[in-house]
Amino acid sequence: MANKYGAKKIEIDGHVFDSKREAEYYKMYKKMVDDGKISWFELQPCFTLIPSFTNWAGKKVRPCHYTADSLLHFPDGREMVVEVKGFRTRDYVLRRKMFEYKYPQYEFKEVR
């Protein structure tokens, strides 16, 4: 099934990826773990950008999250968020800025 940007979903090891490129990175991460280049990795890690809150009118506002494509954990303790992008949306650009502001401890790599 293709999405509006032309990418086709693909399934590997029971994981469904939004594009062939994302699936290729998943295979690369598995090899990096085997080779000892990374300790482990997470798929689709979710980060809270704005927690839920109650606004001035007493209405509860839902939190705002950013879900990255993957999070790599290196043997030296570094952590890197990787985002595989074919097309940058305005929503993505804003969430990335918010993520980088709130979580400066993570390296961020966008693959295009």
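Colleague: Which strand does β8 join through four bridges, and which way do the two run?
Modeller: That would be strand β9, residues 79-84, and the two run antiparallel. This is a predicted model, by the way.

Colleague: What do β8 and β9 form, and what's in the turn?
Modeller: They form a hairpin with five residues between the strands. G77 sits in the turn and has a positive phi of about 100°. As for one of the bridges, L71 has V81 as its bridge partner in β9.

Colleague: And how many bridges join β3 to β8?
Modeller: Four, and β3 and β8 run antiparallel. On that side, the bridge partner of W40 in β8 is H73.

Colleague: Are the faces of β8 covered or open?
Modeller: Both faces of β8, residues 70-73, are covered. S70 and L72 are buried on one side, and L71 and H73 are buried on the other.

Colleague: Let me zoom out. How many helices and strands does the protein chain have?
Modeller: Two helices and ten strands. Along the sequence the pattern reads β-β-α-β-β-β-β-β-β-β-α-β.

Colleague: What size of box do the C-alpha atoms fill, and how many residues are there?
Modeller: The box is roughly 55 × 40 × 25 Å along the principal axes. The protein chain has 112 residues, and 32% of them count as buried. Looking at contacts between residues at least 6 apart in sequence, 46% join residues at least 24 apart.

Colleague: New topic: aromatics. How many aromatic pairs are there?
Modeller: The count comes to 13 aromatic pairs. Take F17 and Y26: their pair is tilted, 5.1 Å centre to centre with 40° between the planes. Both of those residues are buried.

Colleague: What about Y29 and F41?
Modeller: They make a tilted pair too, with 5.5 Å centre to centre and 50° between the planes.

Colleague: Which parts does that pair tie together?
Modeller: Y29 lies in helix α1, residues 20-34, while F41 is in strand β3, residues 40-43, so the pair ties together parts that are twelve residues apart in sequence. Y29 and F41 are both buried.

Colleague: Which residues do ring pairs link into a cluster?
Modeller: F47, Y66, F99, Y103, Y106 and F108.

Colleague: Where does the charged end of K85 sit?
Modeller: Over the ring of Y92, 4.5 Å from its centre. R78 also has a ring to look at: R78 lies over the face of F74, at 4.0 Å from the ring centre.

Colleague: Is R96 buried or exposed?
Modeller: R96 is buried, because its relative accessible area is 19% and the cut-off for buried is under 20%. You'll find R96 in helix α2, residues 90-102.

Colleague: And what is R96 in contact with, leaving aside neighbours within four places in sequence?
Modeller: R88, F108 and E110.

Colleague: Last topic: pockets. What volume does the largest pocket have?
Modeller: About 560 Å³. The largest pocket is lined by 21 residues, and D18, E22, E83, V84 and K85 lie nearest its centre. K85 is also the residue with its charged end over the ring of Y92.

Colleague: Which elements give two or more residues to that lining?
Modeller: α1, β7 (64-67), β9 and α2. The largest share comes from α2, with three residues.

Methods:
Residues numbered from 1 in each chain as written. Predicted model: local features only at pLDDT ≥ 70, side-chain atom pairs only at ≥ 80, totals over all residues. Heavy atoms only, no water. Phe/Tyr/Trp six-rings, centres within 6.5 Å; stacked < 30°, edge-to-face > 60°. Buried < 20%, exposed > 50% of the residue type's maximum accessible area, 1.4 Å probe, protein only. Lys NZ or Arg CZ within 6 Å of the ring centre and 35° of its normal. Contact = heavy atoms within 4.5 Å. Pairing = 2+ DSSP bridges. 1 Å grid on protein atoms, 1.4 Å probe; cavity = no way out; pocket = protein on both sides within 12 Å on 5 of 7 lines; lining within 4 Å. Points joined across faces, edges and corners; volume = space filled by probe spheres on them.
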